[in-house]
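Student: Could you take me closely through one part of this model, the place where its two chains meet? I would like the cut-offs stated along with the values.

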Amino acid sequence: MEELTFEQAMQKLEAIANELEKDDLDLDTSVKKFEEGMKLSQKCNQILQEAEKKITVLVNDEEQDFTLQKED
Amino acid sequence: MEIKPITVCELNKYIKNKVDSDEFLNNVYVKGEISNFKLHYTGHMYFTLKDESAIIKCIMFKGYTPNLTFMPKDGMKVLVLGTVSVFERDGVYQIYCKAMKQDGMGSLYEEYQKLKAKLEKEGLFDVSHKKKIPMFPGKIGVLTSSTGAVIRDIINVSTRRNPNVHILLLPVPVQGEGAAEKIAQGIRKMNEENLADVLIIGRGGGSLEDLWPFNEEIVAREIYNSKLPIISAVGHETDFTIADFVADLRAPTPSAAAELAVPNIEDVKYDIYMYQNRYKVALKRKVELMKLRYEKCMTRRVFKEPLQKINERAITLDMLVKSIKNSTINKLNEAKANANKAISKLDALSPLKTLLRGYSIVEKDGKVVKKVEDVNINDELKIRVSNGNINTKVVEKVN
């Protein structure tokens, strides 16, 4: 799952939902799709959780932390 | 002899005549920047023209204003054609303008139009070339000055929408000499070193001159060739710079640019939550469907009385066995009857029967003798009678 970008993961979630809602899946595939969807959605939530705020500025090829100067 | 003083009025009149009689001053062509421009209710225009070190009062009478092609505004650089004269009452000399056109600004604007047309013809503005802004960019690259409202707005809006956003600022000058080159380099650097997933380039409002770097061709080309999608947020709501036309998306303000680049985390979480719901509902429905089918099956008789089918089979089996038995017996009797018939028939025809009745069979060398000619004198014959044989010899033949 790692190689999926976040955007691809979200598109996959949509695809799985559509498949599950079409009635032509047998029970076993439905269960498998369900688990796949749930696992993927937890993965997405996890990515959102793990992202951490970084405001940086490029100073001679180096990313340093950037803070807004105080308003005068 | 005492010098007689002249009055102020006489002095001013003298100066006015001096000025009015000067050839050059009758027709001056002056370059300068407009300031404290006032359009008087009478329709006359009062303003001063200045450069870095001096100013001069100007007036354009209502009669001349119709052939102006633009509305003069403070800060505008203009070229003025008029006559210098003196307003005696105030002892002030001023230019009585007869014509005015934009200076530089005008040519800058023309240059903008020319470049825009050229790039448009080349297809740099084509919508088909515009890249989609990724819905969930990992990193936002921002090219603007490190001071000022633009970066502040972008950071505020982005962090509000996604507290864990990652913004990389690449400071660039947004005005003046060399700015365009720096901006172009910045875009190229972001691309070459793949420093972000989407770029925002922008600056605050300003005159056409202030925004000029964003109208330069090298910036336009760099934007066009950028493989990273670019959102431009330059200048005012309405007037577009060339960068805005070439960019993949134009945002009216830096904050709007941040909103377009950074998805709102709560929305994303909500979407994910909705998907999970859809999965649960769909699976539940599927299971119920299956249960229904299962129950329907169970009600079928074949499950209710599983033996019923077997009994049926047993019955048919018995019947079959019975019919087999009967048919074999019949066949047997039939065969017996036939056999007896054949035997009795055989008996009837059997030569033994005739022998019993006194007949005999004469044979010569195993062949039955039927006619006199069949034998010769002295032949040995065998006569078969009912209970044995009699061997004889032929003595006489009588036809």
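Tutor: What follows is a walk through the contact between chain B and chain A.

This is a predicted model, in which local features need pLDDT of at least 70 and side-chain atom pairs count only at pLDDT 80 or more, whereas totals for chains, interfaces and linings use all residues. Residues are numbered from 1 along each chain as its sequence is written, chains are lettered from A in the order in which they are written, and side-chain values use heavy atoms, with hydrogens and water left out.

With contact taken as heavy atoms within 4.5 Å, chain B contributes 40 residues and chain A contributes 38 residues. The size of an interface is often given as the accessible area lost when the parts come together. Here the two chains bury about 3600 Å² between them, 64% of it on carbon and sulfur atoms, where buried area is the accessible area (1.4 Å probe) that two parts lose on being put together, summed over both.

One of the salt bridges joins A:Glu7 to B:Lys132, with the closest N and O atoms 3.5 Å apart. Polar contacts are pairs of N or O atoms within 3.5 Å; within protein, one atom must be able to donate a hydrogen and the other to accept it, and residues adjacent in sequence count only if both atoms are side-chain atoms. By that rule, 17 residue pairs, both residues at pLDDT 80 or more, are in polar contact between chain B and chain A.

On the side of chain B that touches chain A, the elements giving two or more residues are helix 4 (149-161), strand 7 (166-171) and helix 9 (265-298); helices (H or I, at least four residues) and strands (E, at least two) are DSSP runs, numbered from the N terminus. Helix 9 of chain B gives the most, with 16 residues. By class, this side has 22 nonpolar, eight polar and 10 charged residues, with Ala, Val, Leu, Ile, Met, Phe, Trp, Tyr, Cys and Pro counted as nonpolar, Asp, Glu, Lys and Arg as charged, and the others, Gly among them, as polar.

Strand 7 of chain B also pairs with strand 1 (residues 54-59) of chain A, the two running parallel and joined by four bridges, where pairing requires that DSSP finds at least two bridges between two strands. In this pairing, A:Lys54 stands opposite B:His166.

How values were computed:
Salt bridge = Lys/Arg side-chain N within 4 Å of Asp/Glu carboxyl O.
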